[in-house]
Amino acid sequence: MTLTAAIERWPIDGDFVISRGSKREAVVVVVTLSDGVATGRGECVPYARYGETPEATLAELLDLAPQIIPASALTRLESRAARNAFDCALIDFQTKHSGRRIHTMLGLAAPQPLLTCYTLSLDTPSAMAAKARAVTRLPLLKLKLGGDGDIERMRAVRQARPDARLLADVNEGWTAGNIEAMLAEAAMQAFELIEQPLAAGADELLEQIPHHVPICADESAHDAASVVTLAGRYDAVNIKLDKTGGLTAARLMAETARRHSLRIMVGCMVATSLSMAPALVLAADADWVDLDGPLLLASDRLHGLAIRDGWIDPADRALWG
């Protein structure tokens, strides 16, 4: 089996803004595995927050080439992004080689359409409200928060979309001094979930304050081992394949979360449909699905996921799995 890998850049439709900064393109690393008959692909987004870069991830993957032994290659990869791309490419290769779809190979039910969140980038209250009104066909919105004016943002979007289901992702942007007031306001505005309100490492505070709205761990939740420390502090975990190191590890994390009575969101980085397709396998049993990455791009890859009014159809076999 041979491996090839490359960095790809996909322009974002406008700016994608969170509390830590903004970007205008999705930079992904794509892995292709082939034996000359069957070909499998996987895509990852290296996490700058965790010291990963596209260039280092690509170099790590290419160190496996040109001839690889799949059983041992995964253990040789250190970065989680690299492991994700390789794991998903290997699973895709196995489905193509066997002629079976991924759900059949894993003994799962046939996939059904899933409702995804649509993300509103961090902006002024009026701009976020205008964006919410512009997507009235989308019933589930996730607001990026984490700056001064978050109460006004929550109120403005709720006023603009009284019909919508609302979640918020704070990206570690609140503090011990304002979190209780923020959660109380989120409850007043009927938010379903608040994601990572405090910095990772400040989780102990969550044991001491009322959870007016369920709280979801993201930056504090990386893998199955980290989940064990979150019970009693969080109500849910956001599982992303780039954090766990692939679909195989993500399924283990989901099983661990359920054992500890934690609800599950399946999330993503901004990336193409090739990143979302493996996550759909996990999302079939999730409480919330946040796989809107392709909707945020100026264009998607060939055979990309069909997403209509927020509903994601099962992946085309030509895309993945």
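At 4% relative accessibility, Asp 290 counts as buried. Salt bridges that share partners place Asp 290 in one network with Lys 142, Lys 144, Asp 169 and Glu 195. The model under discussion is a predicted one.

Asp 169 belongs to strand β7 (residues 165–169) and Lys 142 to strand β6 (residues 140–144), so the pair ties together parts that are 27 residues apart in sequence. Lys 142 is buried, with a relative accessible area of 2%, and Asp 169 counts as buried at 0%.

A search of the whole structure finds 21 salt bridges. Another of them joins the side chains of Glu 8 and Arg 301, at 2.8 Å, N to O. Glu 8 counts as partly exposed at 23% relative accessibility, whereas Arg 301 counts as buried at 11%. Leaving aside residues up to four places away in sequence, Arg 301 touches Glu 8, Trp 10, Val 30, Arg 41, Glu 43, Thr 272, Leu 274 and Leu 319.

One of these contacts, Leu 274, is among the buried residues of helix α11. Helix α11 spans residues 273–283 and is mostly covered, with eleven of its eleven residues buried. Among them are Ser 273, Met 276, Pro 278 and Val 281.

The loop that holds Arg 301 runs between β12 (288–289) and β13. Strand β13 belongs to an open sheet of three strands, in the order β4-β14-β13, with antiparallel pairing. The edge strands are β4 (114–115) and β13 (307–308), each of which pairs on one side only. Two bridges join β13 to β14 (residues 311–312), and Ile 307 has Ile 312 in β14 as its bridge partner.

The cysteines are next. The structure holds zero disulfides. For Cys 44, the closest cysteine sulfur is that of Cys 88, 9.2 Å away, which is too far for a bond. Cys 117 is in no disulfide either, the nearest cysteine sulfur being that of Cys 268 at 9.4 Å. Cys 44 is buried, with a relative accessible area of 0%, and Cys 117 is buried at 0%.

For aromatic rings, the count comes to one pair. Tyr 47 and Tyr 50 form this pair, which is stacked, with 5.0 Å centre to centre and 10 degrees between the planes. Tyr 47 is buried at a relative accessible area of 6%, while Tyr 50 is partly exposed at 31%.

Gly 36 is in the loop between β2 (21–34) and β3 (39–44). At 69% relative accessibility, Gly 36 counts as exposed. Gly 36 and Ala 82 are 46 residues apart in sequence and 23 Å apart in space, C-alpha to C-alpha.

Key
Residues numbered from 1 in each chain as written. Predicted model: local features only at pLDDT ≥ 70, side-chain atom pairs only at ≥ 80, totals over all residues. Heavy atoms only, no water. Pairing = 2+ DSSP bridges. Helix = DSSP H or I, 4+ residues; strand = E, 2+ residues; numbered from the N terminus. Buried < 20%, exposed > 50% of the residue type's maximum accessible area, 1.4 Å probe, protein only. Contact = heavy atoms within 4.5 Å. Disulfide = S-S within 2.5 Å. Phe/Tyr/Trp six-rings, centres within 6.5 Å; stacked < 30°, edge-to-face > 60°. Salt bridge = Lys/Arg side-chain N within 4 Å of Asp/Glu carboxyl O.
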